[in-house]
Amino acid sequence: MIIGALHISNPIGRQTKGLAYLNLSHCCLTSKGVNLISHSLTVNKFMNQTLSYLNLAGNSLKDDVNNLFNFLAQPNVLTTLDLSGTDCAVDALFGALLRGCTTHLATLKLSRNNFSVGGGSSGGGSGGGGVVGGGGGGKKSREMLPSFKQFFTSTLALKTISLAHCKLPPDALKQGVADPHAPLTKCAPRNVLLGLACNESLSSVEVDLSSNHLGSAGAQILESCIHGVHCLGALHLHDNGAWCVVVLCISMITVRGGALHLHDTDAWWCVACVQQCDGQRVQNFVI
């Protein structure tokens, strides 16, 4: 689809009034095609003032998409970004989001991607001037990791974040022990929940962590930090292994100020939750 991307990118670059809505989901685009289109978005001086919706879901972004990251790193007015099912490196993306997407972005969909937390992900090239380094170098990956938490600390408009089916390591939920000798997947990736806990600008944020197989390790992390995330309005946790993920989560919700909407699809988890918290402060538990 490189030829198709070329035909699309040329008029995009010449739009004299910019675009407000660009949906190229499931168009069989490759990283090269997305780079062409992203370059046109970047060089068009109006796009960062007009484009509010960008959907590239279902395309293949598993190789270098540094041009996309460069566009996202410019201050812009995007309110919705959908990169679901693109095989992009989620952790490599947040450096760009932190620079350009903290003011207006309300919906961020990153489900069914890789959360590599270092070496091996292909989130951006190593060419000069790029905002994100390549996935092969451990040092660059380590430098990018703080941006994951910092984005959630700094974002001003976020309402929905989906990280479902991202093979999210439990340590990514909460800051791990910074052991320089530990494997990168086990040391200090900044996280969603601690970032949101530090954010005083947000309210009623919906977080989808479904199908990450967090298991008991993830449950312990949820238990230790969820009580401090006051801006959390809804939490999706289904298909995460052991039922204790929800039960331990509920045990903290009962001592957490305010109500939290929980969403799950397993009826027996619902029974366990009701028994655990006796219905206190839990609303809209969806089966």
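**Stop 1: a helix pair**

Select helix α5 (residues 90-100) and helix α7 (residues 146-154): they pack at an angle of about 35°, with axes 8 Å apart. Helices here are DSSP runs (H or I, at least four residues), and strands are E runs of at least two, numbered from the N terminus. Axes are lines fitted to C-alpha atoms over the stretch in contact, with angles from 0 to 180 degrees between N-to-C directions.

Now show the side chains. From α5, the contact uses Phe 94, Gly 95, Leu 97 and Leu 98; from α7, Ser 147, Phe 148, Gln 150, Phe 151, Phe 152 and Ser 154. Contact means heavy atoms within 4.5 Å.

The model is predicted: local features need pLDDT of at least 70, side-chain atom pairs count only at pLDDT 80 or more, and totals for chains, interfaces and linings use all residues. Residues are numbered from 1 along each chain as its sequence is written, and side-chain values use heavy atoms, without hydrogens or water.

**Stop 2: Leu 108**

Select Leu 108. Beyond four places in sequence, Leu 108 touches Leu 81, Phe 94, Leu 97, Phe 151, Leu 158, Thr 160, Ile 161 and Ser 162.

**Stop 3: Asn 212**

Move to the loop between β6 (205-208) and α9 (215-225), where Asn 212 sits. Is Asn 212 buried or exposed? Asn 212 is buried, at 4% relative accessible area. Buried means under 20%, exposed over 50%, partly exposed in between (1.4 Å probe, protein chains only).

Its side chain reaches the backbone oxygen of Leu 163 at 3.0 Å. The Asn 212 side chain also reaches the backbone oxygen of Leu 209, at 3.0 Å.

Notes. A polar contact is a pair of N or O atoms within 3.5 Å; within protein, one must be able to donate a hydrogen and the other to accept it, and residues adjacent in sequence count only if both atoms are side-chain atoms.
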